[in-house]
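Please read them with the structure open.

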Amino acid sequence: MSDREATPEWAFSADDHARMGLALVEARAAAAAGEVPVGAVMVAADGAVLARSGNRRERDGDPTAHAEIITLRSAATSLGRWRLDGCTLYVTLEPCAMCAAACVLARLDAVVFAADDPKAGFAGSLGNLLEDPRLNHRVAWRRGLRAEEAGALLAGFFANLRGRG
């Protein structure tokens with residue numbers, strides 16, 4: 001687990017809750033399609049939603065088709081640039097090493113995530129690429145927004161998978 005405590009609930013705005021709600025919609029759609037239920041939403045500095053997606057690894061046969069990566073790509077296309085400074089990514093699960101590194105490379109301002117990922121998370125659990133001082137950019141982050149809801153979605157998905165196995 002992270003050496004930081006979850007962000008207190010009062011520190012999240014109504015807009016934060018709504019944006020994570022959109023990410024949860026994407027996560028539920030991913031689960032309905034047989035994907036691990038992770039959803040992501042990219043928001044511009046002015047509050048506009050630039051992109052949103054759920055996981056697509058199984059459907060696309062692509063190991064990089066995580067919700068975060070798809071959303072980063074779509075937001076870059078929407079803005080017509082690879083630098084996503086001023087943008088915030090909302091995601092239902094702590095980003096893995098690949099996704100955390102992509103957030104740094106895209107120069108995001110911030111990442112807000114719901115549930116911790118103690119087995120693969122690299123935004124505080126196993127390490128923290130978002131704040132690694134050896135890298136050329138740091139990404140602010142907050143965790144714990146609607147974590148119970150996101151965690152229950154993940155737990156239900158994996159319990160269902162085990163029940164079928």
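1. Val-91 stands opposite Phe-113 in strand 4. The chain gets from strand 3 to strand 4 by way of helix 4 (residues 97-105), and this β-α-β crossover is right-handed. Note that the model is predicted.

2. Strand 3 and strand 4 (residues 110-115) run parallel, with 5 bridges between them. Besides the pair in point 1, Leu-89 stands opposite Val-111 in strand 4. With strand 1 (residues 39-43), strand 3 pairs in the antiparallel sense, over 4 bridges. There Leu-89 of strand 3 is the bridge partner of Met-42.

3. What is the order of the strands in the sheet? The sheet is open and has 5 strands, in the order 2-1-3-4-5, with mixed pairing. Strand 2 (49-54) and strand 5 (140-143) are the edge strands, each pairing on one side only. From one strand to the next, the twist averages 15 degrees.

4. Thr-88 belongs to strand 3. Because its relative accessible area is 17% and the cut-off for buried is under 20%, Thr-88 counts as buried. Beyond the neighbours within four places in sequence, Thr-88 is in contact with Val-41, Met-42, Val-43, Ala-110 and Val-112. Thr-88 and Gly-47 are separated by 41 residues in sequence, while their C-alpha atoms are 9.1 Å apart.

5. Which residues of helix 4 are buried? They are Cys-99, Ala-100, Ala-102, Cys-103 and Val-104. The buried residues of this helix pack against helix 3, strand 3 and strand 4. Just after helix 4, Arg-107 has a positive phi of about 65 degrees.

6. Glu-68 deserves a separate check. Glu-68 sits in helix 3 (residues 67-79). Glu-68 is buried but forms no salt bridge. Its nearest side chain of opposite charge is that of Arg-57, 9.0 Å away, whereas a salt bridge requires a separation within 4 Å. Neighbours within four places in sequence aside, the contacts of Glu-68 are Val-38, Ala-40, Leu-89, Val-91, Leu-93, Pro-95, Cys-96 and Cys-99. Among these, Leu-89 is also the bridge partner of Met-42, and Val-91 stands opposite Phe-113. Cys-99 is one of the buried residues of helix 4.

7. Is Glu-26 buried or exposed? Glu-26 lies in helix 1 (residues 14-32). Its relative accessibility is 17%, so Glu-26 counts as buried. Neighbours within four places in sequence aside, Glu-26 is in contact with Val-38, Gly-39, Ala-40, Arg-52, Ser-53 and Gly-54. Val-38 and Ala-40 are also among the contacts of Glu-68.

Note on methods. Residues numbered from 1 in each chain as written. Predicted model: local features only at pLDDT ≥ 70, side-chain atom pairs only at ≥ 80, totals over all residues. Heavy atoms only, no water. Helix = DSSP H or I, 4+ residues; strand = E, 2+ residues; numbered from the N terminus. Buried < 20%, exposed > 50% of the residue type's maximum accessible area, 1.4 Å probe, protein only. Lys, Arg positive; Asp, Glu negative; His and termini not counted. Contact = heavy atoms within 4.5 Å. Pairing = 2+ DSSP bridges. Right-handed = clockwise from strand over helix to strand, strands pointing away. Axes fitted to C-alpha atoms, helices over the stretch in contact; angles between N-to-C directions.
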